[in-house]
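Me: I am new to this structure and would like to go through it by question and answer. Please show it first.

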Amino acid sequence: MQTELLRRLNDSGKNIAGSPVSPAALAELLKLVEEGKITGAVGKKVFATMFESGRSARTIVAAEGLTQISDTSAIEEAARDVIAKNPDNVAKYKAEMKASSNFL
């Protein structure tokens with residue numbers, strides 16, 4: 001995040017004292033990443049929004065539904081739902097896998 005902060009400050013012509021992201025707000029964002037509530041990549045996007053809007057990391061994550069899902073049953077349910085709604089793609093995938101295994 002340090003690199004992101006410095007890059008955005010440089011691009012906007014601001015110094016550290018003029019940063020729209022306070023040290024406490026940056027610490028909050030880093031804590032979300034450290035706790036695994038969001039990924040590092042999402043953290044960069046959240047930081048960009050923080051810098052532009054002045055909103056807090058938690059507000060942005062909640063408003064945009066960016067919380068990382070770690071519950072395997074929720075992930076499995078979502079995967080099953082996608083598979084059930086896309087039978088043509090599933091059949092195509094299975095046919096391609098069968099063709100590949102026949103080749104071997």
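Me: How many helices and how many strands does the chain have?
Reply: This is a predicted model. From the N terminus on, its elements run α-α-α-α-α-α. The count for the chain is therefore zero strands and six helices.

Me: What radius of gyration does the chain have, against that of a compact globule of 104 residues?
Reply: The C-alpha trace spans about 65 × 30 × 20 Å along its principal axes. A compact globule of 104 residues would come near 13 Å in radius of gyration, but the value for the chain is 21 Å.

Me: What share of the 104 residues is buried?
Reply: A residue is called buried when its relative accessible area is under 20%. The chain exposes about 7500 Å², with 56% of this supplied by carbon and sulfur atoms. Of the 104 residues, the buried share is 20%.

Me: What length does helix H3 reach from its first C-alpha to its last?
Reply: H3 covers residues 40-53, which is 14 residues. At 1.5 Å a residue, 20 Å is expected, and the span in the model is close to that. From first to last C-alpha, H3 reaches 20 Å.

Me: Which helices do the buried residues of H3 pack against?
Reply: The buried residues of H3 include Val42, Val46, Phe47, Met50 and Phe51. Gly43 and Ala48 are also among them. Their packing partners are helix H1 (2-12), helix H2 (23-34) and helix H4 (57-64).

Me: Which residue just after H3 takes a positive phi?
Reply: H3 ends at residue 53. Just after this helix, a phi of about 80° is found at Gly54.

Me: Is Ser22 buried, partly exposed or exposed?
Reply: Ser22 sits in the loop between H1 and H2. Its relative accessible area is 36%.

Me: Is Ala62 buried or exposed?
Reply: Ala62 is part of helix H4. The cut-off for exposed is over 50% relative accessible area. Because Ala62 has 59% relative accessibility, Ala62 is exposed.

Notes
Residues numbered from 1 in each chain as written. Predicted model: local features only at pLDDT ≥ 70, side-chain atom pairs only at ≥ 80, totals over all residues. Heavy atoms only, no water. Helix = DSSP H or I, 4+ residues; strand = E, 2+ residues; numbered from the N terminus. Expected span 1.5 Å × (residues − 1). Buried < 20%, exposed > 50% of the residue type's maximum accessible area, 1.4 Å probe, protein only. Contact = heavy atoms within 4.5 Å. Rg over C-alpha atoms; globule rule 2.2 N^0.38 Å. Areas by Shrake-Rupley, 256 points an atom, 1.4 Å probe, with all protein chains shown as cover.
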